[in-house]
Amino acid sequence: MRILNLLKIAYKAIVLNKLRTLLTMLGIIIGVASVIAMLAIGEGSKESIRSTISSMGSNMITIRPGEDVRGGVRQDASAMESLTLDDYYAIKEKAELLSYVSPLVNGGGQVINGSNNWPSTIYGVNPEYLDIKVVGLQSGSMFTDAEVKSASKVAVIGQTVVDNVFPDGTDPVGQMIRFNNIPFMVIGVLEEKGENTFGQDQDDVVIAPYTTVQKRILAIDHLNQIMASSISEEDAPDAVEEVTEILRAQHKLSATEDDDFHVRSMEELISTFSSTSEMLTILLVAVAGISLLIGGIGIMNIMYVSVKERTKEIGLRMAVGGKGSDILMQFLIEAILISITGGILGVILGLGATVFIEKFLHWPTSVALYSIIISFAVCAVTGIFFGWYPARKASVLDPITALRYE
């Protein structure tokens, strides 16, 4: 028999049993749709994580104090005083892979304007901090290096602070506020950034010169952190190593001593979140793949039924000269057609489900071409794998026994 004739016979067999064929395809349709939708959710999550973290400054590098053990008790890193202004100056002068560097000290307190008050956090930094965090000004201006040197009582505030201490819509620029009873003149308002990956409100901030916060708010001479930005995202790993070497030399640490600081890049954070997202995606796809397996078993069962029902037809064809290979191909093509048709419908359903998830559930999705290719490949393999055995059984039937089958 020719392939074209085999295709026609397989098509007629499928059309004559529409409901049974649809039920057979159901497992394949659901499996393919699930795989596409789950992969789209996984890819969308990874892109969303990367985009959100990048919006915080994709080149950003943070240097924090390390933990210490005193009297057998591990101390909290936030209580350590291992970072100083000398460390900041050393990094500023010696690091070649950094574009911006800023000291950082921070503390909590009440922002007060008249009868309005709001609990917030004040960050003491230098003017390069906005470039590191990739955030602009909505109005006003940033304080200058001269104001940092003179420890001026000036501040830039976020939109959340504006909404709560200037609820009547007054332009905050040029107004006086108090933070823990220390007066500050508002000279700028930050652009809105919303919540970050951790659910933290990025607009609930007060930014002031680090010298002012050190002397007038916290009364300390060490730093809580040092913020920096690498020249490019690709240079971030090398910049981390460069900063580590500078600080080890600055702290006079021997080769056998552990670092008393932590240097982290945003790339590490992105990698951590992405690997977690990938693991969840793999689990979801594995669950969805079970539907494909069930669909394949359904195809095999239906093909067994089809062989039983058409035993006489098989015997007749073999009696008039049909070869076993022709019978094998006939049923195999039928199984592959069912599988591929189910795959096409599954792709359509999967794409539709992806659109529904993004528009109505507001989950980030991203359909990858490879997910569709993999789904089709799996469908073809499923059709061949689960269709071959029933087809093989039909091809080795004895013609006389098949003609006498009741």
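The structure is a predicted model, in which local features need pLDDT of at least 70, side-chain atom pairs count only at pLDDT 80 or more, and totals for chains, interfaces and linings use all residues. Residues are numbered from 1 along each chain as its sequence is written, and side-chain values use heavy atoms, with hydrogens and water left out.

The second largest pocket holds about 230 Å³ of space. A pocket is an open set of points on a 1 Å grid over the protein atoms alone, with protein on both sides within 12 Å along at least five of seven lines; a cavity is a set where a 1.4 Å probe fits but cannot get out; lining residues have an atom within 4 Å of a point. Volume is the space filled by probe spheres set on the points, which are joined across faces, edges and corners. Residues lining the second largest pocket include L85, Y88, N126, D145 and Y210. At least two lining residues come from each of α3 (85-94), α5 (145-149) and α7 (210-218). Helices (H or I, at least four residues) and strands (E, at least two) are DSSP runs numbered from the N terminus. Helix α3 gives the most to this lining, with four residues. By class, the lining has six nonpolar, two polar and four charged residues. Here Ala, Val, Leu, Ile, Met, Phe, Trp, Tyr, Cys and Pro count as nonpolar, Asp, Glu, Lys and Arg as charged, and the others, Gly among them, as polar.

One cavity of 30 Å³ or more was found in the whole structure. Helix α9 supplies the largest share, three residues. Five lining residues of the largest cavity are nonpolar, three polar and two charged.

Helix α11 spans residues 324-360 and also gives the most to a nonpolar patch, with four residues. I348 lies in this helix and belongs to the patch. I348 counts as exposed because its relative accessibility is 55%; exposed means over 50% relative accessible area, buried under 20%, and partly exposed in between (1.4 Å probe, protein chains only).

S82 sits in the loop between β3 (73-75) and α3. This residue counts as buried because its relative accessibility is 18%. S82 and R64 are 18 residues apart in sequence, and their C-alpha atoms are 8.7 Å apart in space.

How values were computed
Patches are made of residues with over 30% relative accessible area and no salt bridge: like charges are joined within 9 Å, nonpolar side chains (Val, Leu, Ile, Met, Phe, Trp, Tyr) within 5 Å. Accessible areas come from the Shrake-Rupley method with a 1.4 Å probe; for residues, only the protein chains shown count as cover. A salt bridge is a side-chain nitrogen of Lys or Arg within 4 Å of a carboxyl oxygen of Asp or Glu.
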